[in-house]
Amino acid sequence: MGNEISYPLKPFLVEAEKEAFWDRCLEIINRMSGKMLQINTDPHFFTQVFADLKNETRSSTVVWLLN
């Protein structure tokens, strides 16, 4: 959907050690890599995931506006 960007690491460190952070990242990658590949190969799956993300963003925005 666009260019890849890099994020600063510090805001995502919730563990005391960087190694624990990277272990958690690898766990997420291992668990979700099949679905990430499916996003790239299955147009219907991509469309559904994209619609779900848009709906999630809208509902989060509404909740934020009401608070």
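Trainee: Before we start, what counts as a helix here?
Mentor: A DSSP run of H or I with at least four residues, numbered from the N terminus. Keep in mind that this is a predicted model.

Trainee: OK. Which helix holds F46 and F50?
Mentor: Both lie in helix α2, residues 43-66. They sit 4 residues apart, about one turn of the helix.

Trainee: Why would that spacing matter for which way residues point?
Mentor: An α-helix has 3.6 residues a turn, so residues three or four places apart point the same way.

Trainee: How many aromatic pairs are there in the whole structure?
Mentor: A search finds 2. In one, the ring centres of F21 and W22 are 4.8 Å apart. Their planes meet at 75°, over the 60 degree cut-off, so that pair is edge-to-face.

Trainee: F21, buried or exposed?
Mentor: Buried, because its relative accessibility is 7%, under the 20% limit. W22 is partly exposed at 45%.

Trainee: And what geometry do F46 and F50 have?
Mentor: They are stacked, 5.8 Å centre to centre with 15° between the planes. F46 counts as partly exposed at 29% relative accessibility. F50 is also partly exposed, at 35%.

Trainee: Switching to α1. What span should it have?
Mentor: It has 24 residues, 18-41, so at 1.5 Å a residue it should span 34 Å. The count used is one less than the number of residues. The end C-alpha atoms are 33 Å apart, which agrees.

Trainee: Where does α1 bend?
Mentor: At M32, by about 55°.

Note on methods: Residues are numbered from 1 along each chain as its sequence is written. This is a predicted model: local features need pLDDT of at least 70, side-chain atom pairs count only at pLDDT 80 or more; totals for chains, interfaces and linings use all residues. Side-chain values use heavy atoms; hydrogens and water are left out. Helices (H or I, at least four residues) and strands (E, at least two) are DSSP runs, numbered from the N terminus. The bend at a residue is the angle between axes fitted to the seven residues ending there and the seven starting there. Rings of Phe, Tyr and Trp (its six-membered ring) pair if their centres lie within 6.5 Å; planes under 30 degrees apart count as stacked, over 60 as edge-to-face and the rest as tilted. Buried means under 20% relative accessible area, exposed over 50%, partly exposed in between (1.4 Å probe, protein chains only).
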